[in-house]
Amino acid sequence: MLDSLRRRIGTAAARPFGHAPYPLADTLDHAGDPGLCGPGSASWAIIGDVSGFIGGIRALLVQAAHPEVVAGVLDHSRYEEDPLGRLSRTSSYVTASTYGAMPEVERAIQMVRRAHRPVIGMSHRGEAYDAGDAGLAAWVHNALTDSFLVAYDRFGRSPLTTDDADRFVVEQHAIGRMLDADPLPATAHDLARWIAEHPSLAPSPGQAATTAFLARPPLTGGLLVGYRLLAAAAVATIPRRLRRVLGVRRRPGALLAGRIAIRILRWGLGSSPSWNLALVRAGAEVPAGLFVQPLPTQRSGSVGIGPHEAGT
């Protein structure tokens, strides 16, 4: 009965992320390749934890606080027409860049670069935007890094030390540099301060549309109930200034409800099967007790993207 319940939780949680090909379907062809972060990295452990559900929602909200960034999404993305497809493709990018062998990392980065080339225009306040701009790329990348870090710090499997948090930030610099993002704050403290005090943040039509969409995504039943608990927990971790920009409020008890929801998900899902697969590819030891889902294999092209890697 417990195994059946676990399978049901896993199937339901993965359903919104199964609208794109699995990016590591052929990763075992690159035996021995540690990828960009590698076994033992803070990135594999932090992004591979189910707290990444909350981190992904938080990242989308934080990113929407920048008028030019969110204008690019609103003007050039089909997220309202195909929200789960966009979510799956974004999750695919995070999975590949974090856990992929280097050829898979490079392919994921090139796909993002190609997608960003036509994303140019003007925001509602008359400011030009270009998705290839170093500063805008930094906002997107740094918001994602900070959000995964904050979510793990509040809801993760084990306590996070200052050294571990700083190591995660530095590891994520490698991805940021491949996207030409600048600046890339050097420590977790500097990163959090850069996010909270960024001078370009303001309410905007794109922000209003994004926060409204994230408040009522195209989910139903138990998935929607669970999502709302995670979304409320995500909002509760956002700095006060950004909450004001976004027009969202911290709900009493949201952090406690988020911790309970994450504990249930961690029991049902374990850690990311993509992390497990990357360890196997790299020839590293697989820690006992972390993984409960089936191992994605070379021939499992229909396997959905791991929900833990949902992000920007």
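In this predicted model, two residues are in contact when heavy atoms of each lie within 4.5 Å.

Q: What share of the contacts in the protein chain with a separation of 6 or more comes from residues 24 or more positions apart?
A: Let's take the contacts whose partners have a separation of 6 or more in the protein chain. Among these, residues 24 or more positions apart account for 79%.

Q: How many helices and how many strands are there in the protein chain, and what percentage of its residues count as buried?
A: The chain holds 14 helices and two strands. It has 312 residues, and the share that counts as buried is 53%.

Q: Is G283 buried or exposed?
A: You will find G283 in the segment after α14 (273-282). Its relative accessible area is 67%, and the cut-off for exposed is over 50%. Therefore G283 is exposed.

Q: What distance separates the C-alpha atoms of G283 and A31?
A: Along the chain these two residues, G283 and A31, are 252 residues apart.

Q: How far does helix α7 reach from its first C-alpha to its last?
A: Helix α7 covers residues 134-155, which makes 22 residues. At 1.5 Å a residue, 32 Å is expected. The model comes close to that, with a reach of 31 Å.

Q: Which residue caps the N-terminal end of α7?
A: Look for a side-chain oxygen 2.9 Å from the backbone nitrogen of G135. That oxygen belongs to the capping residue, D133.

Q: At what angle do helix α3 and α7 pack?
A: Two packed helices are described by the angle between their axes and the distance between the axes. For α3 (residues 52-63) and α7, the axes are 8 Å apart. The crossing of α3 past α7 is right-handed. The contact includes G52, I54 and G55 of α3 and W139, V140 and A143 of α7, and the packing angle is about 140°.

Q: Which residues does S51 touch, not counting residues up to four places away in sequence?
A: S51 sits in the loop between α2 (42-47) and α3. Its relative accessibility is 1%, so S51 counts as buried. Beyond its sequence neighbours up to four places away, it touches I46, A151, Y152, F155, G156 and I262.

Q: How far apart are the end C-alpha atoms of α8?
A: Helix α8 has 17 residues, and at 1.5 Å a residue they should span 24 Å. The distance between its end C-alpha atoms agrees with this, at 25 Å.

Q: Which residues is Q172 in contact with, leaving aside its neighbours within four places in sequence?
A: Q172 lies in helix α8 (residues 162-178). With a relative accessible area of 6%, Q172 is buried; others buried in α8 include A165, F168 and E171. Its contacts, leaving aside neighbours within four places in sequence, are S43, I47, H141 and T145.

Q: How far apart in space are A42 and A165, C-alpha to C-alpha?
A: A42 lies in helix α2 and is buried, with a relative accessible area of 5%. Leaving aside neighbours within four places in sequence, A42 is in contact with D164, R167, F168 and E171. Although A42 and A165 are 123 residues apart in sequence, their C-alpha separation is 7.7 Å.

Terms used. Residues numbered from 1 in each chain as written. Predicted model: local features only at pLDDT ≥ 70, side-chain atom pairs only at ≥ 80, totals over all residues. Heavy atoms only, no water. Helix = DSSP H or I, 4+ residues; strand = E, 2+ residues; numbered from the N terminus. Buried < 20%, exposed > 50% of the residue type's maximum accessible area, 1.4 Å probe, protein only. Expected span 1.5 Å × (residues − 1). Polar contact = N/O pair within 3.5 Å; in protein donor to acceptor, adjacent residues only side chain to side chain. Axes fitted to C-alpha atoms, helices over the stretch in contact; angles between N-to-C directions. Left-handed = near helix turned anticlockwise from the far one by under 90°.
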